[in-house]
Amino acid sequence: PRMVVPEPDAAGRRELLDRALAGWSGAIGPPVPVTEAAKSLRWAEAAVRLMERGLLPSGEVLYCTEHTEALVLLQPEELIDDLALRCLAPLAHCAPAHGRRLAQTLLAWLETRGGAPEVAARLGVHPQTVRYRLRQIRELFGGSVDDPDRRFELELVLRAQRLRGLLGNGTE
């Protein structure tokens, strides 16, 4: 079923929707002018597809605006897969578990823009472990990790992999 909700951001409207849709599973697209209802529907349908694949929580009604990162990074999947193959090629020669640890470390470094102590705290490892991994990452990726465009691509790909559950929980 599909519905148009007038003034979805009005006071009390969310609580009303939550009560009315209790027990249902689905998605509510972003609030838009009625002339753009098709856009909101596309967002909701994309969210439902991700729910069906287990990439978004199911068994409840989700608000798309609360899951924008997943909707952007996981649709269409083949684009992010192609980018991942190119961006993460240096990790292809690592053992799977080691490559995953390096990817987790790289993502934590990209997200914090911090030093080894900040990254270590995020990962639950010793700062010296992070320093060792960051040296390995620099050896594998070279100076490309200093290029802002490259860092942006790496962060996109690694966030998408985390959303898919391919990086584990981010701690060891």
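Me: As I've got it, axis angles under 35 degrees count as roughly parallel, over 145 as roughly antiparallel, 65 to 115 as roughly perpendicular, and the rest as oblique. How do α5 and α8 lie to each other?

Reply: Quick caveats before that. This is a predicted model, where local features need pLDDT of at least 70 and side-chain atom pairs count only at pLDDT 80 or more, while totals for chains, interfaces and linings use all residues. Residues are numbered from 1 along each chain as its sequence is written, and side-chain values use heavy atoms, leaving out hydrogens and water.

Now the general idea: two packed helices are described by the angle between their axes and the distance between the axes. Axes are lines fitted to C-alpha atoms, for helices over the stretch in contact, with angles from 0 to 180 degrees between N-to-C directions. Helices are DSSP runs (H or I, at least four residues), numbered from the N terminus. Here, α5 (residues 96-112) and α8 (residues 148-164) have axes that come within 10 Å and cross at roughly 120°, so the two are oblique.

Me: And what is the handedness of that crossing?

Reply: Left-handed means the near helix is turned anticlockwise from the far one by less than a right angle; clockwise is right-handed. α5 passes α8 left-handed. Contact means heavy atoms within 4.5 Å, and it's made by residues including Leu106 and Leu110 of α5 and Leu154 and Leu158 of α8. By class, that contact has 7 nonpolar, no polar and 5 charged residues (nonpolar: Ala, Val, Leu, Ile, Met, Phe, Trp, Tyr, Cys, Pro; charged: Asp, Glu, Lys, Arg; polar: the others, Gly among them).

Me: How does α5 cross α6?

Reply: In a right-handed crossing. The axes of α5 and α6 (residues 116-123) come within 9 Å and cross at roughly 120°, so that pair is oblique too. Val119, Arg122 and Leu123 are the α6 side of the contact, which has 4 nonpolar, 3 polar and 2 charged residues.

Me: Which residues does glutamine 136 touch?

Reply: His98 and Leu102, not counting residues up to four places away in sequence. Glutamine 136 is in α7 (residues 127-141) and is buried at 16%.

Key
Buried < 20%, exposed > 50% of the residue type's maximum accessible area, 1.4 Å probe, protein only.
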